Amino acid sequence: MLLKDKTAVIYGGGGAIGGAVARTFAREGAKVFIAGRTPAKLDAVAGEIAAEGGFAEIAQVDALDEQAVNRHAASVAERTGGIDIALNAVGFVHVQGTPIAELSLEDYFFPVSAFARTNFITAKAAARHMAPLGAGVIFTLSTPVSRMPGPGYMGHNFACAGIEGFSRHLAGELAPNGIRVVCLRPHMIPEAVEKGSHTREVFQMAASREGMTVEERLRGAAGGTLLKRLPTLAEVADTAAFMASDRAGAITGAIVNLNGGLLLD
Ligand SMILES: NC(=O)c1ccc[n+]([C@@H]2O[C@H](COP(=O)([O-])OP(=O)(O)OC[C@H]3O[C@@H](n4cnc5c(N)ncnc54)[C@H](OP(=O)(O)O)[C@@H]3O)[C@@H](O)[C@H]2O)c1
């Protein structure tokens with residue numbers, strides 16, 4: 001097992017990516033603490049983990065609320081002795097597909113502010129309970145939009161580029177404490193759309209402007225990659241498990257591409 005007896009906190013743990021990573025971390029031996037706003041989504045993931053014999057605990061936490069996140073992280077750390085792994089898999093519906101001439105300042109700025117805020121809050125809370133251990137891994141999530149030209153992705157482009165910059169900087173801030181930071185950058189995940197991810201609504205906006213369905217847009221995106229395919233949830237979760245393990249101990253400040261070769265760093 002890659003993560004035997006590790007304590008992992010996953011914000012947005014009831015979502016498509018958060019849930020997939022939670023199940024994989026639990027299979028790899030971690031105790032998984034999943035947090036989000038909707039208990040039913042969290043219960044579903046925790047139930048699947050328990051059915052496989054793993055450990056999962058849920059908590060209703062707004063990942064934009066600093067005090068709530070701090071209280072949750074402190075309560076986990078108090079009972080487990082510290083936090084080993086933290087993932088922010090929170091996602092927000094935001095406007096895509098609207099060119100700058102028609103884009104309001106509010107719609108442009110919402111993803112910038114929401115993603116910057118939640119990643120700061122959760123990383124800061126987790127780092128506080130990793131530092132005394134002298135070890136830990138903090139994950140952020142970005143998308144290839146960070147490096148793609150428009151039109152129509154302006155707020156999300158800034159948000160994703162910001163998450164990547166934040167992750168690199170955080171790696172430098174926390175390296176003296178033995179804490180690694182890894183940013184996962186998957187391309188569009190068709191399975192996530194099928195599982196009720198907020199991304200269906202986001203992709204629908206851009207697809208509608210182009211006269212396409214979401215499924216047609218996903219097929220087009222797959223065709224634009226070197227491998228002519230998009231990532232699976234299992235691939236994202238397995239990559240996270242490896243990156244969280246000691247086998248990836250030399251990796252920090254990295255942006256990990258899971259995009260079939262759409263972007264080459
Ligand atoms: N799916 C993709 O194709 C893809 C590709 C690359 C990157 N990503 C990124 O990966 C992340 C997760 O995507 P996903 O597809 O897994 O989305 P998802 O299925 O919609 O999951 C997002 C989760 O965030 C939770 N959430 C939203 N606001 C929250 C808040 N204030 N506090 C706590 N939890 C909150 C939601 O649950 P509640 O509403 O119940 O709280 C939901 O469970 C996003 O940042 C997305 O940009 C996704």
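**Cavity, pocket and helix contacts**

Tutor: The lining of the largest cavity divides into six nonpolar, three polar and no charged residues (Ala, Val, Leu, Ile, Met, Phe, Trp, Tyr, Cys and Pro count as nonpolar, Asp, Glu, Lys and Arg as charged, and the others, Gly among them, as polar). The model is predicted, so local features need pLDDT of at least 70 and side-chain atom pairs pLDDT 80 or more, while totals for chains, interfaces and linings use all residues. Residues are numbered from 1 along each chain as its sequence is written, and side-chain values use heavy atoms, without hydrogens and water.

The lining consists of Y11, A86, L87, N88, N119, T122, A123, I138 and F139 (each with an atom within 4 Å of a point on a 1 Å grid, where a cavity is a set of points that a 1.4 Å probe fits but cannot leave). The whole structure holds one cavity of 30 Å³ or more.

The second largest pocket (an open set with protein on both sides within 12 Å along at least five of seven lines) has a volume of about 160 Å³. Its lining has four nonpolar, four polar and four charged residues, including K6, D84, R180 and D246.

A244, which also lines this pocket, belongs to the contact of α1 with α9. Here A16, I17, A20, V21, T24 and F25 of α1 meet L233, V236, A237, D238, A240, A241 and A244 of α9 (heavy atoms within 4.5 Å). By class, these are eleven nonpolar, one polar and one charged. The axes of α1 (residues 16-27) and α9 (residues 233-244) come within 8 Å and cross at roughly 55°, and the two helices are therefore oblique to each other.

On α2 (residues 39-51), the axis comes within 10 Å of that of α1, at a crossing of roughly 20°; α1 and α2 are therefore roughly parallel (angles under 35 degrees; over 145 is roughly antiparallel, 65 to 115 roughly perpendicular and the rest oblique). G19, A22, R23 and A26 of α1 make this contact with V45, E48 and I49 of α2.

Note on methods:
Axes fitted to C-alpha atoms, helices over the stretch in contact; angles between N-to-C directions. Helix = DSSP H or I, 4+ residues; strand = E, 2+ residues; numbered from the N terminus. Points joined across faces, edges and corners; volume = space filled by probe spheres on them.
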